[in-house]
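User: Please take me through this structure with a few questions and answers. I am new to it.

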Amino acid sequence: MTDLEYLKQFREIKEIADIIGDIEKLDSLMEQNEWDSVSQLLYVISAKHPAEKVVYNSANPLPPLSIQQSTSSCRQLLIALGKAKITAEG
């Protein structure tokens, strides 16, 4: 089971549904090579989770060197946020 499939089991939790939606949008835009839209979405996601982004980036000190790496890093952050929210709900 992938991390996204795991999160989908908890889709009824609003925050988890929002995270799943952001991940699916990122995945879709990447598949379509819509890099300008990916960049805009990364900005929106960063604005939604500023504190979490700082904490995540402090634990991962090597900055991404490409939009693809930024997207992968953002996706990993969203997965981690989703898992943390599931644990908090538990």
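Analyst: A crossing is left-handed if the near helix is turned anticlockwise from the far one by less than a right angle, and right-handed if clockwise. Helices (H or I, at least four residues) are DSSP runs, numbered from the N terminus. This is a predicted model, in which local features need pLDDT of at least 70, side-chain atom pairs count only at pLDDT 80 or more, and totals for chains, interfaces and linings use all residues. Residues are numbered from 1 along each chain as its sequence is written, and side-chain values use heavy atoms, with hydrogens and water left out.

User: In what kind of crossing does helix 2 pass helix 5?

Analyst: Axes are lines fitted to C-alpha atoms, for helices over the stretch in contact, and angles run from 0 to 180 degrees between N-to-C directions. The axes of helix 2 and helix 5 are 10 Å apart, at an angle of about 160°. Angles over 145 degrees count as roughly antiparallel, and the two helices are therefore roughly antiparallel to each other. The crossing of helix 2 past helix 5 is left-handed.

User: Which residues of the largest nonpolar core touch the most other members?

Analyst: A nonpolar core is a set of buried (under 20% relative accessible area, 1.4 Å probe, protein chains only) Ala, Val, Leu, Ile, Met, Phe, Trp, Tyr and Cys residues joined through side-chain atoms within 4.5 Å. The largest one has 20 residues. Those that touch the most other members are Leu-7, Ile-23, Leu-26 and Leu-78. Helix 1 (3–8), helix 2 (14–31), helix 3 (35–48) and helix 5 (67–89) each give two or more residues to this core.

User: Against which helices do the buried residues of helix 5 pack?

Analyst: Helix 5 has 23 residues and reaches 33 Å from its first C-alpha to its last. Its buried residues include Thr-71, Cys-74 and Leu-78, and these three are among the contacts (heavy atoms within 4.5 Å) of Leu-26. The buried residues of helix 5 pack against helix 1, helix 2, helix 3 and helix 4 (50–59).

User: Is Ser-73 buried or exposed?

Analyst: Ser-73 is found in helix 5. Its C-alpha is 9.1 Å from that of Asn-57, 16 residues away in sequence. With a relative accessibility of 18%, Ser-73 counts as buried.

User: What is the phi of Asn-33?

Analyst: Asn-33 lies in the loop between helix 2 and helix 3, and is exposed (over 50%) at a relative accessible area of 52%. Most residues other than glycine have a negative phi. Asn-33 has a positive phi, near 55°.

Notes
The expected span of a helix is 1.5 Å times one less than its number of residues. Angles under 35 degrees count as roughly parallel, over 145 as roughly antiparallel, 65 to 115 as roughly perpendicular and the rest as oblique. Lists of a residue's contacts leave out its neighbours within four places in sequence.
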